[in-house]
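I opened my notebook to record what I looked up in this structure, one topic at a time.

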Amino acid sequence: MLSLARPDIGPLEVELVNRVLGSDTLSLGQMAVDFETALAGYVGAPHGVAVSSGTAGLHTLVRALGVGPGGEVVTSSFSFVATANAVLYEGAVPVFADIEPGSLGLDPGAVEAAITPRTKAILAVDVFGHPCRLPQLREIARRRGLYLIDDACEALGAAVTARDAAGGLAAPLVPVGHPSLADAAVFAFFPNKQVTTGEGGMIVTGDADLARLCRSLRNQGRGEGDRWLVHERLGFNYRLDEMSAAMGLAQVRRLDELLARRALVADLYRQRLAGLVGAGMGVELPAVAEGVTMSWFVYVIRLAPPHDRDAVARYLADRGVPTRPYFQPIHLQPFYRERFGYRGGELPVTEAAGRSGLALPFHGRMGPDEVDQVARALEAALAQPQARRAS
Ligand SMILES: *Cc1c(COP(=O)(O)O)cnc(C)c1O
């Protein structure tokens with residue numbers, strides 16, 4: 001059976017979760033601390049703050065950075081809805097800038113044009129595990145006095161190559177989440193992500209004060225030392241429980257293996273689908289920019305005319321191949337249309353990507369036979385006359 005996504009849980013996860021279940025500490029224990037240390041260490045960040053979801057992490061950061069009513073955050077509409085919702089939760093306004101066609105990340109020029117005197121932060125997104133232009137965005141943020149938050153919920157394990165003084169590529173690779181790339185980043189651990197804890201997320205930052213504030217906010221506004229029932233500020237219950245943290249710790253210990261398996265499957269797809277790509281054929285495979293290490297979250301191809309993406313998806317579904325349109329832009333979601341009056345046409349690159357993206361079944365345990373099964377069904381789908389637009 002082909003599945004769109006699948007977690008990769010091994011004996012180490014079972015062992016560590018069982019250790020928690022055999023203890024008396026199911027929350028606020030050592031597992032969460034060890035998970036924070038391991039994951040933050042993996043990306044070279046001094047501080048990790050485990051939270052109950054990626055969404056909770058984004059919301060906590062928006063609150064902690066003081067972005068409130070009247071404030072604006074420049075962000076991407078080509079993302080999961082949580083990115084912009086985190087801004088709305090605080091009564092601030094997400095201002096969408098368009099993306100680049102290749103990386104599908106924020107276009108630095110469009111970001112610059114979207115900044116106003118009310119802008120408080122840039123909230124960038126590393127789409128599908130491809131880092132966006134973080135060094136350029138950081139430079140804009142520095143120049144304009146803004147925070148840069150990286151929604152890295154899809155990009156644990158991705159990296160960018162640092163540039164030397166002359167602008168050339170120079171080693172070493174800098175992991176997404178490293179404090180040189182953003183003021184803070186958020187990872188997410190929903191079951192379709194590279195690392196899962198069931199539900200969970202983590203904020204990473206190089207800023208000790210910001211980390212302290214986030215720890216307080218996730219734990220009902222308690223102060224340092226977590227004195228019970230002493231609340232210094234309005235906080236939330238965004239804690240990660242110990243069973244989830246144990247899973248996360250096991251997954252981080254296996255992270256190189258998990259990422260390598262996914263990269264292998266992406267490579268199988270690339271080889272197997274290479275024949276569908278060519279001038280005028282209307283099929284594009286994921287592009288990885290020079291100097292970038294991709295962390296494969298999903299495998300999203302793009303279908304342009306003459307192909308009808310939705311007809312191809314229906315054909316595949318009828319043959320047991322699950323797919324998903326990826327992403328449906330945030331500004332075109334019913335709730336955003338209604339609230340902000342978006343009608344389409346505002347963000348041409350985002351909207352074109354939204355019309356053409358199709359996520360194929362993808363996880364680290366897929367073998368060559370399954371990739372071949374998807375590829376054969378896709379080839380057949382693309383050959384169907386009804387899978388072509390009527391134009
Ligand atoms: C998964 C994801 C989130 C939110 O993560 P949850 O853990 O599901 O709350 C946020 N942003 C992006 C881009 C994501 O892919």
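This is a predicted model: local features need pLDDT of at least 70, side-chain atom pairs count only at pLDDT 80 or more; totals for chains, interfaces and linings use all residues.

**Entry on helix 1 and helix 8**

For helix 1 (residues 11-21) and helix 8 (residues 242-253), I found a packing angle of about 150°, with the axes 8 Å apart. Since angles over 145 degrees count as roughly antiparallel, helix 1 is therefore roughly antiparallel to helix 8. I also noted that the crossing of helix 1 and helix 8 is right-handed.

**Entry on helix 2 and helix 8**

Next I looked up how helix 2 (residues 30-43) lies against helix 8, and their axes come within 8 Å and cross at roughly 30°. Because angles under 35 degrees count as roughly parallel, I wrote down that helix 2 and helix 8 are roughly parallel to each other. Helix 2 passes helix 8 in a left-handed crossing. The contact of helix 2 with helix 8 has nine nonpolar, two polar and two charged residues.

**Entry on the ligand**

Which residues come nearest to the ligand? Of the 15 residues around the ligand, I listed Gly 54, Thr 55, Asp 151, Glu 154 and Lys 193 as the nearest. A polar backbone atom of Gly 54 is 2.8 Å from an oxygen atom of the ligand. For the side chain of Glu 154, I found an N or O atom 2.6 Å from a ligand oxygen, and for the side chain of Lys 193 the corresponding distance is 2.7 Å.

**Entry on the backbone**

I kept in mind that most residues other than glycine have a negative phi, and most peptide bonds are trans. Pro 305 and Pro 306 are joined by a cis peptide bond, with omega about 15°, and I located Pro 306 in the loop between strand 12 (299-303) and helix 10 (309-318). The bond from Tyr 326 to Phe 327 is also cis, with omega near -25°. Leu 104, which is not a glycine, has a positive phi of about 65°.

Methods
Residues are numbered from 1 along each chain as its sequence is written. Side-chain values use heavy atoms; hydrogens and water are left out. Axes are lines fitted to C-alpha atoms, for helices over the stretch in contact, and angles run from 0 to 180 degrees between N-to-C directions. Helices (H or I, at least four residues) and strands (E, at least two) are DSSP runs, numbered from the N terminus. Angles under 35 degrees count as roughly parallel, over 145 as roughly antiparallel, 65 to 115 as roughly perpendicular and the rest as oblique. A crossing is left-handed if the near helix is turned anticlockwise from the far one by less than a right angle, and right-handed if clockwise. A residue is near a molecule or strand if one of its heavy atoms lies within 4 Å of it. A polar contact is a pair of N or O atoms within 3.5 Å; within protein, one must be able to donate a hydrogen and the other to accept it, and residues adjacent in sequence count only if both atoms are side-chain atoms. Ala, Val, Leu, Ile, Met, Phe, Trp, Tyr, Cys and Pro count as nonpolar, Asp, Glu, Lys and Arg as charged, and the others, Gly among them, as polar.
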